[in-house]
Amino acid sequence: MSYVDGFVLAVPKANLEAYRIVAANAAAVWKEHGALAVVEAVGDDVPYGELTSFPRAVQAKEDEVVVFSWIVHASREARDVTNAKVMEDPRITCTMETMPFDGKRMIFGGFTAIVEV
């Protein structure tokens, strides 16, 4: 079964193109170092829930859009190797201060697949 790193974040609408460029460049680096797939998806039908929701989870503001993304790896071990290589790659230049979104509100984690079809 594969291993997935998942991310949910809020990107200011004004920064969406800058985010897309950063994400596309990062995706190429992750793929080069072993990721099987990288997906960046912008919220299109993401309602603000009464108790929980994607927008609530990342404290999305009126001028922000929710982005849901994931990176697929062959295994947890493969992910750890890939991520170590990516973190050493000089093409990854974004920092918490230079990202086109508030990284403090990003949700992320690693997940072991239990169903794959």
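Reading the model

Tutor: Aspartate 102 lies in the loop between helix 3 (76–88) and strand 4 (107–112), and its C-alpha is 8.9 Å in space from that of proline 12, although the two are 90 residues apart in sequence. Keep in mind that this is a predicted model, in which local features need pLDDT of at least 70 and side-chain atom pairs count only at pLDDT 80 or more, while totals for chains, interfaces and linings use all residues. Residues are numbered from 1 along each chain as its sequence is written, and side-chain values use heavy atoms, with hydrogens and water left out.

Student: How many helices and strands does the protein chain have, and in what order do the elements run?

Tutor: Helices (H or I, at least four residues) and strands (E, at least two) are DSSP runs, numbered from the N terminus. The protein chain has three helices and four strands, and from the N terminus on they follow the order β-α-β-α-β-α-β. The chain is as compact as a globular protein of 117 residues, because its radius of gyration is 15 Å, close to the 13 Å of the globule rule; the radius is taken over C-alpha atoms, and the rule is 2.2 Å times the number of residues to the power 0.38. Along its principal axes, the C-alpha trace spans about 40 × 35 × 20 Å.

Student: What share of the residues is buried, and which residues of the largest nonpolar core touch the most other members?

Tutor: Buried residues make up 37% of the 117 residues. A nonpolar core is a set of buried Ala, Val, Leu, Ile, Met, Phe, Trp, Tyr and Cys residues joined through side-chain atoms within 4.5 Å. The largest one has 15 residues, of which Leu9, Val11, Tyr19, Trp30, Val67, Ile71 and Phe101 touch the most other members. Strand 1 (3–12), helix 1 (16–32) and strand 3 (64–73) each supply at least two residues of this core, and helix 1 gives the most, with five residues. Apart from this core lies another, of five residues, among them Val8, Ala10, Val58 and Ala60.

Student: Where is valine 11 found, and is valine 11 buried or exposed?

Tutor: Valine 11 is found in strand 1 and is buried, with a relative accessible area of 0%. Contact means heavy atoms within 4.5 Å, and, leaving aside its neighbours within four places in sequence, valine 11 is in contact with Leu16, Tyr19, Asp63, Glu64, Val65, Val67, Pro100 and Phe101. Leucine 9, not counting residues up to four places away in sequence, touches Tyr19, Val58, Val65, Val66, Val67, Phe101 and Met106. For the chain, among contacts between residues at least 6 apart in sequence, 82% join residues at least 24 apart.

Student: Which residues is valine 42 in contact with, leaving aside its neighbours within four places in sequence?

Tutor: Valine 42, which lies in strand 2 (residues 37–42), is in contact with Leu16, Val65, Val66 and Val67 when those neighbours are left aside. Valine 42 is partly exposed, with a relative accessible area of 43%. Proline 47, in the loop between strand 2 and helix 2, counts as exposed at 60% relative accessibility, and, not counting residues up to four places away in sequence, proline 47 touches Ser53 and Pro55.

Student: What is the phi of glutamine 59?

Tutor: As a general idea, most residues other than glycine have a negative phi. Glutamine 59 has a positive phi of about 55° although it is not a glycine. Glutamine 59 is found in the loop between helix 2 (54–57) and strand 3, and is exposed, with a relative accessible area of 55%.

Terms used:
Buried means under 20% relative accessible area, exposed over 50%, partly exposed in between (1.4 Å probe, protein chains only).
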